[in-house]
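Hello,

Here is the structure you asked to look at. Please open it first, then read my notes below.

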Amino acid sequence: MILPIVGYGDPVLRKVGEILSPEYPSLKETIANMYETMYNAYGVGLAAPQVGLSVRLFVIDTTPFGDDDDLPIDEQRQLKGFKRTFINAKMLKEEGEEWGFNEGCLSIPDVREDVFRHEKITIEYCDEDFNVKTEVFDGLIARVIQHEYDHIEGILFTDLISSLKKQLIKKKLQNIMDGKTRPDYRMKFCNKKGR
């Protein structure tokens with residue numbers, strides 16, 4: 001089922017997600033709905049707060065980046081078919097040089113900015129069956145994970161840009177809160193009545 005994506009300004013996007021237990025109601029269904037919602041909006045990642053759930057859960061599928069000819073062939077191969085569910089993720093290490101990439105977010109439509117993130121991460125998480133894993137990722141996969149991980153920590157990519165850039169996008173952010181944006185997917189806006 002396609003869920004409405006929560007827009008910028010909603011308090012749920014600022015909460016630190018709660019730990020999930022294997023008894024969480026309808027977890028498999030929630031995960032399936034999140035993937036369907038993400039694909040419907042042409043995203044490569046989606047965190048539970050973006051669908052109104054303040055829990056430590058996010059899904060990613062970097063396959064669309066696998067067709068980017070600007071990337072080395074081996075990275076394109078890694079990105080194609082990289083689909084993963086992260087439950088109760090905990091960032092253990094962020095290392096390497098910080099590099100910039102133009103990021104966007106389904107909760108902040110029509111806003112894109114260069115964000116600098118570490119090139120390599122070590123993360124511990126549970127898969128859908130609550131098997132604990134510790135893995136190291138780099139490049140674009142690491143970036144997508146860091147972006148979604150920030151969501152479960154109550155952080156948005158707009159928090160990571162300069163104050164000048166924040167000033168320049170202030171009106172766009174207000175328009176999102178007021179529901180004056182028209183993305184191609186269902187959204188729920190914090191200041192808009194109805195819908």
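**Surface and overall build**

The protein exposes about 10000 Å², and carbon and sulfur atoms supply 50% of that area. Accessible areas come from the Shrake-Rupley method with a 1.4 Å probe; for residues, only the protein chains shown count as cover. Please keep in mind that this is a predicted model: local features need pLDDT of at least 70, side-chain atom pairs count only at pLDDT 80 or more, and totals for chains, interfaces and linings use all residues. Residues are numbered from 1 along each chain as its sequence is written, and side-chain values use heavy atoms, with hydrogens and water left out.

The protein has four helices and seven strands. Both are DSSP runs, numbered from the N terminus: helices are H or I with at least four residues, strands are E with at least two. Starting at the N terminus, the order of elements is β-α-β-β-α-β-β-β-α-α-β. The radius of gyration is 16 Å, close to the 16 Å that the globule rule gives for 195 residues, so the protein is as compact as a globular protein of that length. That radius is taken over C-alpha atoms, and the rule is 2.2 Å times the number of residues to the power 0.38. The C-alpha atoms fill a box of roughly 45 × 40 × 30 Å along the principal axes.

Of the 195 residues, 49% are buried. Buried means under 20% relative accessible area, exposed over 50%, and partly exposed in between (1.4 Å probe, protein chains only). Now take contacts between residues at least 6 apart in sequence: 67% of them join residues at least 24 apart. A contact means heavy atoms within 4.5 Å.

**The sheet**

Five strands form an open sheet in the order E2-E3-E4-E5-E6, with antiparallel pairing. Two strands pair if DSSP finds at least two bridges between them. Which strands stand at the edges? They are E2 and E6 (132-138); each has a single partner strand, so one side of each is left without a neighbour in the sheet. Neighbouring strands are turned by 45 degrees against each other on average, direction ignored. Axes here are lines fitted to C-alpha atoms, for helices over the stretch in contact, and angles run from 0 to 180 degrees between N-to-C directions.

E4 and E5 pair over 13 antiparallel bridges. They form a hairpin with two residues between them. Glu103 has Glu113 in E5 as its bridge partner.

E5 (108-126) and E6 pair over seven antiparallel bridges. Ile123 is bridged to Glu135 in E6, and Tyr125 stands opposite Lys133 in E6. This hairpin has five residues between its strands.

**Helices across the sheet**

H1 lies across E2, E3 (57-61) and E4 (83-105), at about 45 degrees to E3. H3 (139-152) lies across E2, E3, E4, E5 and E6, at about 115 degrees to E4.

**Positive phi angles**

Most residues other than glycine have a negative phi. Here are some with a positive value. Ser26 has a phi near 55 degrees. Ser26 is in the loop between E1 (5-6) and H1 (27-40), and is partly exposed at 45% relative accessibility. Tyr42 also has a phi near 55 degrees. Tyr42 is in the loop between H1 and E2 (45-47). Is Tyr42 buried or exposed? Tyr42 is exposed, with a relative accessible area of 74%. In the hairpin of E5 and E6, Phe130 takes a positive phi near 65 degrees.

Best wishes
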